[in-house]
Amino acid sequence: MTALISKSDFPRNFTWGVATSAFQIEGAADADGKGPSIWDDFCRVPGAIADASDGNGACDHYHLWESDLELIADLGVDAYRFSISWPRVQPLGSGAFNQAGFAFYERLVDGMLARGLKPYLTLNHWDLPSALQANGGWANRDTVQHFVDYACEVARRLGDRVTSICTHNEPWVVAVLGHDVGNFAPGIKSRAVMLQVAHHLLLSHGMALTALRAQGCKSSLGIVLNMSHTQPATDSEADIAQAQLDDGKGLRWYMDPLLKGAYPADVLKHFGADAPRVLPGDMERIRVPLDFLGINYYFRCMASAGEPWDIKSSGNDITDMGWEVYPEGLTALLVRLHRDYALPPILITENGAAFKDEVVDGQVHDVQRQSYIANHIAAVRDAMHQGVVVHGYFVWSLLDNFEWASGYEKRFGIVRVDYDTQRRTLKDSALWYRSFLKSEGK
Ligand code: FCB
């Protein structure tokens with residue numbers, strides 16, 4: 001069932017957008033002086049990427065940016081969320097900046113403005129310069145200052161033109177998948193390292209915001225977290241306790257420092273000796289005012305102390321990533337955050353789904369993706385009716401792209417990419433989004 005929604009259900013100044021990230025679409029991995037990132041390196045590890053692919057070609061957006069901006073403008077969105085590749089503008093992650101790299105993003109941002117699109121910039125969508133990883137990467141406290149210096153330079157060059165600057169995309173993923181599970185770059189497996197990394201990400205976020213404000217940056221400043229709605233699989237005490245812990249590790253571990261200035265005591269106790277080294281003043285440096293909080297929502301989590309919950313038991317659709325489709329979870333999540341925290345305005349910075357698309361006579365009838373997006377937009381509206389302040393919604397993603405460890409096998413785009421020809425084709429979900437954005441009333 002697809003919800004009946006119209007753009008007029010939302011405030012007039014609500015921001016509608018599409019999102020991408022540099023490593024996933026740009027290609028041109030060593031063009032014009034770009035340095036390598038940890039994802040370039042990780043793709044070379046045998047078995048790391050499902051289809052043994054890499055980001056060298058991707059969607060070749062580095063060369064096709066102009067026609068891609070035409071595509072975005074044609075959808076009728078207000079805004080485009082993109083990320084800067086740190087090693088493209090500063091090949092070693094410290095020291096000299098690369099003029100040619102900055103020139104690309106200046107063309108891109110000016111191209112957005114010329115088409116009436118608001119630039120929403122992300123500084124770290126995971127592609128850390130390899131040279132910093134050689135010195136320990138995010139586990140090394142020196143990386144915090146390097147990130148602040150990089151952020152300041154980006155803001156000096158682009159801050160007068162971008163609507164918004166986000167420090168980090170999904171620190172949980174960088175920390176946990178990159179440094180504990182190890183299935184994402186840089187592929188480390190240590191809980192203690194993971195917690196130190198998470199701390200440094202949060203610290204660098206807070207210190208960057210302070211530095212950007214000190215240099216007069218007028219863009220709206222914030223961070224993007226991935227979040228689920230976590231529920232106990234049954235009402236047994238053990239499952240309820242498990243849900244509390246999972247929510248603590250995934251959500252409160254990031255939200256509490258950012259908005260309350262402290263790590264949650266119950267989770268701190270659970271981590272025991274692995275807890276991060278926190279220097280005096282760090283928690284104050286992390287908790288600085290946010291102009292916005294970005295939320296990436298894809299699925300709910302069912303917590304179980306025993307056997308893992310059987311995802312098929314809910315009867316809900318399952319995406320090609322194996323994620324349950326559960327739009328009600330987005331409403332529940334937003335209402336709960338509004339209850340538990342003094343929130344800044346919320347942006348839904350990512351939401352979307354991978355499905356196996358078929359091309360039939362040059363068209364892609366991606367009914368499931370279309371209804372996924374429509375139902376989640378309706379879920380945002382329902383949360384707003386309950387008092388949650390949401391200022392925008394961005395579809396993930398504009399284009400099919402390099403889906404990290406899944407390679408090119410998983411397609412999240414509302415626009416199909418033929419990787420042999422680099423041809424873009426609007427899927428039905430894109431046509432639907434475009435007509436939704438044109439809708440005036442019911
Ligand atoms: C998020 C990432 C984004 C994309 C989607 C599917 O975790 O931010 O780059 O991979 O998931």
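Ala28 sits in the loop between helix H1 (22–25) and helix H2 (38–42); helices (H or I, at least four residues) and strands (E, at least two) are DSSP runs, numbered from the N terminus. Its backbone stands out, too: Ala28 isn't a glycine, yet its phi is positive, at about 45°. Bear in mind that this is a predicted model, where local features need pLDDT of at least 70, side-chain atom pairs need pLDDT 80 or more, and totals for chains, interfaces and linings use all residues. Residues are numbered from 1 along each chain as its sequence is written, and side-chain values use heavy atoms, with hydrogens and water left out.

Now for the cis peptides. One joins Ala185 and Pro186, with omega about 5°, and Pro186 belongs to the loop between helix H8 (171–181) and H9. The bond from Trp396 to Ser397 is cis as well, with omega near 10°. Ser397 is in the loop between strand S8 (390–396) and strand S9 (415–418).

Trp396 turns up again around the ligand, along with Gln24, His125, Trp126, Asn169, Glu170, Asn296, Tyr298, Glu350, Glu403, Trp404 and Phe412 (each with a heavy atom within 4 Å of it). By class, that shell has five nonpolar, four polar and three charged residues. Which distances separate polar side-chain atoms of His125 from the ligand's oxygen? For His125 it's 2.8 Å to an oxygen atom of the ligand, while a polar side-chain atom of Glu403 lies 2.7 Å from a ligand oxygen. On its own, the ligand would expose 300 Å², and the protein buries 94% of that (Shrake-Rupley areas, 1.4 Å probe).

Elsewhere, charge pairing is worth a look. The whole structure has 31 salt bridges (a side-chain nitrogen of Lys or Arg within 4 Å of a carboxyl oxygen of Asp or Glu). Among them is Arg213 with Asp291, whose closest N and O atoms are 3.3 Å apart. Arg213 lies in helix H9 (residues 191–214) and Asp291 in the loop between helix H12 (282–286) and strand S6 (292–303), so this pair ties together parts 78 residues apart in sequence.

Definitions and conventions:
Polar contact = N/O pair within 3.5 Å; in protein donor to acceptor, adjacent residues only side chain to side chain. Nonpolar A, V, L, I, M, F, W, Y, C, P; charged D, E, K, R; others polar.
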